[in-house]
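Subject: Structure handover

Hello,

Here is the structure for you to take over. My notes on it follow below.

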Amino acid sequence: TRSTRPQRMLKAVQKNATKGNPESVISAIDYFCKNSEWAMNVGDEKGSILDSVVTEVNPSTVLELGTYCGYSTVRIARLLSPGTKLITLEFNPAYAAVARQIIAYAGLQDKVTLVEGPSSELIPQIKERFGITTFDFIFLDHWKDRYLPDIKLFEECGLLRKGSVLLADNVICPGTPEYLEYVRNSPHYESRYYPAHLEYTKVEDGLEKSVFLG
Ligand SMILES: O=C(NCCO)c1cc(-c2ccc(F)cc2)cc(O)c1O
Ligand SMILES: [Mg+2]
């Protein structure tokens, strides 16, 4: 039977990247998406903004919602201080299976805990399962209609502290209008928009960075 796009992406990584070299894995995926098949990785333009925010925050606790094939997982994990781990949630088991292999190929498996399942179920379990009190940095890149309910869940579960940074992908395309309205109008967040483009295209998109004020 025909392979899937994530499987073809993994093959491109295994063919063109160097094992244990995260930058070469990132470049191989971007090359594949620019020259072979578009895929919904955050990409290099928005990825550079992601890098700068992660570097600025230098987080000790990190959560990613929406692993997909692990491209942004690799981008984030390669920047974390020694001993810091990130938790990434993925609902789709086929995506998770490819992501595990891409993260391992980059040599970052010891810095990543990939959890499969719906964010609505997993978020309330995080404190107990992973011994986390609050997150320093959260990257939202999963189902766009889950961004708003999940940020409210973070608040309800006490997973945010003064200064927690949330960075959301795709706030323009496909778009997360309710989420944007919430973080931009809530007195509990200081929000800023980083204009960019939909990965590998000229279509407008961008990232929204929101700092929890407590
Ligand atoms: O659904 C998305 N992610 C959650 C599932 O893993 C997603 C979709 C798109 C996209 C797709 C189709 C199109 F026409 C335009 C944008 C882009 C992204 O960056 C994304 O994260
Ligand atoms: Mg995205």
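Which residues are around ligand 1? In this predicted model they are Trp-38, Met-40, Asp-141, His-142, Trp-143, Lys-144, Asp-169, Asn-170, Cys-173, Pro-174, Leu-198 and Glu-199.

Some of these residues also make polar approaches to the ligand. The side chain of Asp-141 has an N or O atom 2.8 Å from an oxygen atom of ligand 1. For the side chain of Asp-169, the corresponding distance to an oxygen atom of ligand 1 is 3.2 Å. Asn-170 places a polar side-chain atom 2.7 Å from an oxygen atom of ligand 1.

The metal site

What holds the magnesium ion (ligand 2) on the protein side? Its protein donors are Asp-141 (OD), Asp-169 (OD) and Asn-170 (OD1), at 2.0 to 2.2 Å. Along the chain these donors have the spacing D-x27-D-N. Asp-141 sits in the loop between β4 (137-140) and α8 (147-156), and Asp-169 in the loop between β5 (165-168) and α9 (171-175), so the pair ties together parts that are 28 residues apart in sequence. Asp-141 and Asp-169 are both buried.

Pocket and cavity

The largest pocket holds about 470 Å³ of space. Its lining has 24 residues, and those nearest the centre are Gly-66, Glu-90, Asp-141, His-142 and Trp-143. By type, the lining of the pocket has 11 nonpolar, seven polar and six charged residues.

There is one cavity of 30 Å³ or more. The largest cavity has a volume of about 40 Å³. Among the residues that line the cavity are Met-40, Gly-66, Tyr-68 and Asp-141. The cavity lining divides into five nonpolar residues, five polar and one charged.

Backbone points to check on screen

Most residues other than glycine have a negative phi, and most peptide bonds are trans. Where does the model depart from this? Tyr-68, not a glycine, has a positive phi of about 55 degrees. Tyr-68 is in the loop between β1 (62-65) and α4 (71-77). Its relative accessible area is 11%, which is under 20%, so Tyr-68 counts as buried.

Tyr-200 is not a glycine either, and has a positive phi of about 65 degrees. The loop between β6 (189-197) and β7 (204-212) contains Tyr-200. Tyr-200 is buried because its relative accessibility, 19%, is under the 20% limit.

The peptide bond between Cys-173 and Pro-174 is cis, with omega at about 5 degrees. Pro-174 lies in helix α9, and both Cys-173 and Pro-174 are among the residues around ligand 1.

Two exposed residues

Is Glu-56 buried or exposed? Glu-56, in helix α3 (residues 43-57), has a relative accessible area of 53%, and it is exposed because that is over 50%. The side chain of Glu-56 makes a polar contact of 3.1 Å with the side chain of Lys-209.

Lys-19 is found in the loop between α1 (5-16) and α2 (22-35). With 61% relative accessibility, over the 50% limit, Lys-19 therefore counts as exposed. The C-alpha atoms of Lys-19 and Tyr-105 are 5.3 Å apart, although the two residues are 86 residues apart along the chain.

Regards

Note on methods: Residues are numbered from 1 along each chain as its sequence is written. Chains are lettered from A and ligands numbered from 1 in the order in which they are written. This is a predicted model: local features need pLDDT of at least 70, side-chain atom pairs count only at pLDDT 80 or more; totals for chains, interfaces and linings use all residues. Side-chain values use heavy atoms; hydrogens and water are left out. Donors are N, O and S atoms within 2.8 Å of the metal (3.2 Å for Na, K and Ca); water is not among the atoms, so sites may look incomplete. Helices (H or I, at least four residues) and strands (E, at least two) are DSSP runs, numbered from the N terminus. Buried means under 20% relative accessible area, exposed over 50%, partly exposed in between (1.4 Å probe, protein chains only). On a 1 Å grid over the protein atoms alone, a cavity is a set of points where a 1.4 Å probe fits but cannot get out, and a pocket is an open set with protein on both sides within 12 Å along at least five of seven lines; lining residues have an atom within 4 Å of a point. Grid points are joined across faces, edges and corners, and a volume is the space filled by probe spheres set on the points. Ala, Val, Leu, Ile, Met, Phe, Trp, Tyr, Cys and Pro count as nonpolar, Asp, Glu, Lys and Arg as charged, and the others, Gly among them, as polar. A residue is near a molecule or strand if one of its heavy atoms lies within 4 Å of it. A polar contact is a pair of N or O atoms within 3.5 Å; within protein, one must be able to donate a hydrogen and the other to accept it, and residues adjacent in sequence count only if both atoms are side-chain atoms.
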